[in-house]
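I opened my notebook to go through a structure that is new to me. Here is what I looked up, entry by entry.

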Amino acid sequence: MTTAFTLHQVSKRYGAHTALHPLDLTVEAGQRLVLIGPSGSGKSTLLRLMVGLDEASTGEVRFGQERVTADRSAALRRRLGYVVQGGGLFPHLTALENVSLVARHLGWDRERRLARASELAQLVRLPDDVLERYPIQLSGGQAQRVSLMRALMLDPEVLLLDEPLGALDPITRHELQTDLREIFQRLQKTVVMVTHDLGEALYFADRIVLMREGRIVQDGPPADLLERPADAFVTRFVRAQRAPLAEPGP
Ligand code: ADP
């Protein structure tokens, strides 16, 4: 199996605050890895370092053989599809223009851009005419589908998603969950997804990395989290998410 990412002793500080303590992580090609943990545990920071949007304070991030650095981020981003909560679309561009922007910069002609966008619209189950709209005219679910199209436009090797379903109402969220998993299965790409929701992690992942306060607490197959929790924190985290309404009252 080839390796998608290798992180060696990677840490991140913001001023006096340590967002990530030195950690090692290897992601194999084809894995669907979910980073999970409470808010502020360092999940997004870790993802941003993998995309090259942030520079590590210590250590090294590699994508395949290549070192990921902020100044190489633009070139690497063509091989990494990145999706953020809310979609992160440019408000002054239509959905189609958002999706096609980088391909256009790379010199793809109009016909090729339209053909690829149309193919992706079908994949994410979005009617072609929705692509003419501006982001403000899209529902949350549609915006997220457009964002996914944008991330897939150049057929990247890896998809990195930061809480892609976080801002959606429960029904839209459920629909997109189902579609997203099907898309992952169909495309067979390496996926790294951030969520704070255990149900979602279990639904998508073949490997779960649980974080707490900038450290990896547990890393393994989803079942391990439930059956072989690494410590008392993991047990608490799982219990809090699995049965929030079943806790005994005062
Ligand atoms: P998570 O994604 O798990 O919610 P983050 O990676 O966003 O956590 O944040 C980890 C920690 O780093 C938090 O304490 C957060 O406040 C801090 N942090 C994140 N980004 C910045 C930044 N740009 N400047 C300062 N602190 C930051």
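**Ground rules.** I am working with a predicted model, where local features need pLDDT of at least 70 and side-chain atom pairs count only at pLDDT 80 or more, while totals for chains, interfaces and linings use all residues. Numbering runs from 1 along each chain as its sequence is written, and side-chain values use heavy atoms, with hydrogens and water left out.

**The ligand.** I first asked which residues surround the ligand. My list reads Tyr14, His17, Ala19, Pro38, Ser39, Gly40, Ser41, Gly42, Lys43, Ser44 and Thr45. A residue gets onto such a list if one of its heavy atoms lies within 4 Å of the molecule. Sorted by class, I get three nonpolar, seven polar and one charged residues in this shell. For the sorting, Ala, Val, Leu, Ile, Met, Phe, Trp, Tyr, Cys and Pro count as nonpolar, Asp, Glu, Lys and Arg as charged, and the others, Gly among them, as polar.

Where does the largest share of the shell come from? It comes from H1, with three residues. Strand S2 (17-28) and helix H1 (43-51) each give the shell at least two residues. These elements are DSSP runs numbered from the N terminus: helices are H or I with at least four residues, strands are E with at least two.

Next I checked polar contacts, meaning pairs of N or O atoms within 3.5 Å; within protein, one must be able to donate a hydrogen and the other to accept it, and residues adjacent in sequence count only if both atoms are side-chain atoms. Histidine 17 has a side-chain N or O atom 2.9 Å from an oxygen atom of the ligand. For lysine 43, a polar side-chain atom is 2.8 Å from a ligand oxygen atom. Serine 44 also has a side-chain N or O atom 2.8 Å from an oxygen atom of the ligand. On its own the ligand has 560 Å² of accessible area, and the protein covers 59% of that. Such areas come from the Shrake-Rupley method with a 1.4 Å probe; for residues, only the protein chains shown count as cover.

**Rings.** How many aromatic pairs does the structure hold? I noted four. Rings of Phe, Tyr and Trp (its six-membered ring) pair if their centres lie within 6.5 Å; planes under 30 degrees apart are stacked, over 60 edge-to-face, and the rest tilted. Phenylalanine 5 and phenylalanine 63 make a tilted pair, 5.2 Å centre to centre with 35° between the planes. This pair links distant parts of the chain, 58 residues apart: phenylalanine 5 is in strand S1 (residues 3-14) and phenylalanine 63 in strand S4 (residues 58-63). Phenylalanine 5 is buried at 0% relative accessible area, and phenylalanine 63 is buried at 2%. (Buried is under 20%, exposed over 50%, partly exposed in between, with a 1.4 Å probe and protein chains only.)

I also found Phe184, Tyr203 and Phe204 in one aromatic cluster. Arginine 181 lies over the face of tyrosine 203, 3.9 Å from the ring centre. My test for that is NZ of Lys or CZ of Arg within 6 Å of the ring centre and within 35 degrees of the ring normal.

**Backbone angles.** Aspartate 155 is not a glycine, yet its phi is positive, about 55°. Aspartate 155 sits in the loop between helix H5 (140-152) and strand S7 (158-162). Glutamate 213 has a positive phi too, near 45°, and is in the loop between strand S9 (207-212) and strand S10 (215-220).
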